Structure formats: structure tokens, C-alpha cells
Amino acid sequence: MIDTELKFAENDLNEIIRMFDDGKDISVRHLFSEKSDRVVNTFVLGGKSYAYGNYLGVIEDEIVRKRLVKRYAKVSLYKALSSFTGKVLPWGSISGIRPTKLAYRNIEEEGEFKDFFRSTLLVSEKKTELVAKVLEGQKGYYELNDDNTDFFVFIPFCPSRCRYCSFITSDVKSAAKLTDKNVDTLIYEIENSKKFIKKLRSVYVGGGTPVALSDSQLDRILSSLDDITKGVEFTVEAGRPDRITRENLKILKAHGVNRICINPQTFNDKTLKLLGRDHTAKETIEKYLLAKNDFAINMDLIAGLEGETFEDFKYTLEQTLSLRPDNITVHTLCIKRGSYLAENTSRLSGEETEKMVDYAYDLLTEKGYLPYYLYRQKYMSGNLENVGYSLPGKQCIYNIDTMEDVTSCVACGANAISKKVIGADITERSAAPKDVKTYIEKIDTILKDKETLFN
């Protein structure tokens, strides 16, 4: 933890500390001074002082000034911690979840971002190049327009809970008494939320595992969307191969769904069993072959899974590539509070996970896949990132809109968060309760809050 004189930057500075081995046993004292056109940040760690000066100049806009003061403090703290620990992190001093947003802003202000990333933020050459590739992959899809809208539907049920999962979802069997009422409430919310759509870009039904519902429940929800999905990207996160059937795939196709997710996470049966996923690698392949002619397909993989080696991950990646899905998302294991792993295991070393993530980038780009969105989270192994890769022309609009935070989103369901985007820097949000029972009971209040947000 940090004892700082810059209280408005305290949370950001603590994030920098956390990036170094979760900040365990690291205590920092921060002194800040400003003289004429310069700022000096001094950090005391383990009895040693590290001081760094930066030119600030005269800035009349107080918001811009604070942003620069905070940036210099973060970069200086990163330098001090790197010297103190002997560690260099791939993303340098970037602690935020959207490096691409920083890149877009710097391009708008300075005409480029690479030198800013490398020289100022101390991002590695490889990660700087990754951001450049992502921006290239977003061309023709990235669009900042206040009227643009995505429509999101959240299904808070799963067949079972995976050990790494921290999402607020319910086992569909234990929650059986609530599922029908939840479906009724969700359809009511959907029907009363369509009026907030302006220029619709995409519809996404996620979870959870939407196909964990019965066929009739799934059909009812999709029927409520029929009047808005024609001619737009329409994705359903089918997710778990053990719940994908010929019958529910027919339902998805009948309602115009054109993209689905089939998520193996790994092609190693031993790991699947350990994670609590009730399917095999063979079943993943079978369900992929069953769906591939009717939908664009995304497959999620996780680097750094409990008990897996680099060779295990390499095998998973090669198996995935043999199927050649339209999209492949490579997640870095993120151990969050609320997951089984957070309390019962230690994560894979950052070096080993970084080797997996770098190998995925090299192999996928070699095989013709474009990285087209990325985001970062707290508690990620190795302080790394999640990257979505796509075959040319198969980019998912919803993923770009959501990860870049450039499009308003009308969201329905328990734990769904609606957001209104105003320009490049203002986003207002309205969240529904996480608990399904509370969501059902408070649906009218949720709709009133949404009315206030969008109108």
C-alpha cells in the first residue's frame, strides 16, 4: 500500500504496486512536489529513495493537468518498483483495462501512439505492436457515434460452476424454481427496453450459459428479440459444449442467430475434469462440427490454467487451429474473489503464462488471424491481457463496441449493466441487481432507472 500526498491518484498508484506480485509486503511512501514548470515524484521503498522529475508546463485545463500529474506519478512509481524488485512488466506502467483507448486518444492528440507507449509509458515493443495490430483489425468496425446502440441480454444460469469463475450465476438445477419466473421477467424487460435503441449495431445473448435453459425457455427469449435482430449481428454465447444440442442449434438458427460461442477453454480432458466442466475435448469437436455450417463460431481458450504446462496450452491451441473457427479468444487466467481458485490455489508463474500468450500471438497471426480487440483485468496471471483474434472479415462488432467502450448498450437481465456513451470520455451506467430473486422483485425500478439513464 502507498502513503501518498496525491490523494486523487491513490487508487491508481496502489494498482501499480499490485502489479508487482500483487503488492505483497510492499510498502511505499510517496512525496510530491511541484516547482515552476516541473513535478518531482519521490518514492521511499525499503529505506531507499527513488526520485523522478518531469516537465509539466503551464496547463490551464485542470482536468488535463490532473491527468498528466497522475500519469507522471504512475510512471515514476513503476520505475521505482522496477528498480526495487528487478522486474520489468510487459505493459509497463499501464494499469487500466483498455490500452487501446489510450492509443486512440494519443493518435487524436499527437498523430501517433507507439513512441508514447514505448518511451513514456514504458510498454514493451511486443505489446506496443499488439496494440497497433488491434487498431488495424478494428478498421471498418470501430465507430464512435452517440446514436450507436448494442442490445445485451444476460442469462444468469450455468450447468455447473467452473473453478475459475467469479460471475454471479446459478446452477440451473438448483435454481429451477426461479428460471420460469426469470424468463417471464426478462421478456418483460426486453419488450420495455427496445424503445431505448437508436442505431442498432448488434444483439448479444450471454451469460452464464444461455443454452442451459430448456429449449422452450430459450425459444421464448429469442422470440422476444425477433423484431430487432433482422439484418444485424446476432450472437448467442452457447458456451459449454455439454449443453449444445442439435435441437437448440435449430432454435438459434430459426431466430436468425448468426454467431455463437463454443468454448473449450482447454483440449485436455484432465484439466476439464479438474475445472468442473462436464464435457470432453472430443465433445467440443463434435459440437463444433455440428454447428460450423450455420454460424460464425468463436472459441475461448485460457492460458495459465491450474495444472497446465506450456506444452498443454500449445496442444490446445493446435487442436483449435485444426478446426479453424472464425474467432479465437485467448484469455489469461484471472483469479478473482468469489472463484474457487482464489481461495484454493496459487496461479501459474507469470513467466510461464507470458510464454503461452506470446506463443498464441505468434502462431495465430502466422496462421492468418488478426488480433482485433484486447482488454486487461485485475488479478491476471503475469499482468497480461485477453486478446480476441479473427479471420479477416469475421470480427465481432459487439466485442469491439464493448471493449472500446464507444457504444451505448441497452442491457437486460439480472446483473446486466446498461451504459450510455457520450463522446469519447463520458460513460454513464445503470446496473440491475445480481441476485435473480431481487432482480425479479425490482424489475419496475430497474426499468425506471434505465428510463432515467437513456432519456
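## Helix H9

Helix H9 spans residues 246-254, helices being DSSP runs of H or I with at least four residues and strands runs of E with at least two, numbered from the N terminus. Its buried residues are Asn 248, Leu 249, Ile 251 and Leu 252. Buried means under 20% relative accessible area, exposed over 50%, and partly exposed in between (1.4 Å probe, protein chains only). These four residues cover an arc of only 155 degrees around the axis, so they lie on the same side of H9; the arc is taken from the directions from the helix axis to the C-beta atoms. On the face turned away from that buried side are the exposed residues Lys 250 and Ala 254.

The buried residues of H9 pack against helix H7 (215-223), strand S9 (233-239), strand S10 (259-262) and helix H11 (281-291), where contact means heavy atoms within 4.5 Å. Just after H9, Gly 256 has a positive phi of about 85 degrees.

## Basis of the values

The model is predicted, and local features need pLDDT of at least 70, side-chain atom pairs count only at pLDDT 80 or more, while totals for chains, interfaces and linings use all residues. Residues are numbered from 1 along each chain as its sequence is written, and side-chain values use heavy atoms, with hydrogens and water left out.

## Aromatic rings

The whole structure contains 12 aromatic pairs. Rings of Phe, Tyr and Trp (its six-membered ring) pair if their centres lie within 6.5 Å; planes under 30 degrees apart count as stacked, over 60 as edge-to-face and the rest as tilted. Tyr 204 and Tyr 398 are stacked, because their ring centres are 4.5 Å apart and their planes are at 20 degrees. Tyr 204 belongs to strand S8 (residues 199-207) and Tyr 398 to helix H15 (residues 397-404), so this pair ties together parts 194 residues apart in sequence. Both Tyr 204 and Tyr 398 are buried.

Lys 66 lies over the face of Phe 8, 5.0 Å from the ring centre. The charged end of Lys 355 is over the ring of Phe 310, at 4.4 Å from its centre.

## Salt bridges

A search of the whole structure finds 27 salt bridges, each a side-chain nitrogen of Lys or Arg within 4 Å of a carboxyl oxygen of Asp or Glu. In one of them, Asp 405 pairs with Arg 98, with the closest N and O atoms 4.0 Å apart. Asp 405 is in the loop between H15 and strand S15 (408-412), and Arg 98 is in the loop between helix H2 (62-85) and helix H3 (99-110), 307 residues apart. Asp 405 is buried, at 6% relative accessible area. A network of salt bridges links Arg 98, Asp 405, Lys 419 and Arg 429.

Asp 227 and Lys 194 also form a salt bridge, at 2.7 Å from N to O. Asp 227 lies in helix H8 (residues 226-229) and Lys 194 in the loop between H6 and S8, so the bridge ties together parts 33 residues apart in sequence. Asp 227 counts as exposed at 57% relative accessibility, whereas Lys 194 is buried at 13%.

## Cysteines

The structure holds zero disulfides, a disulfide being a pair of cysteine sulfur atoms within 2.5 Å. For Cys 409, the nearest cysteine sulfur is that of Cys 412, 8.7 Å away. Cys 409 counts as buried at 6% relative accessibility, and Cys 412 is buried at 0%.

Methods. A charge sits over a ring if NZ of Lys or CZ of Arg is within 6 Å of the ring centre and within 35 degrees of the ring normal.
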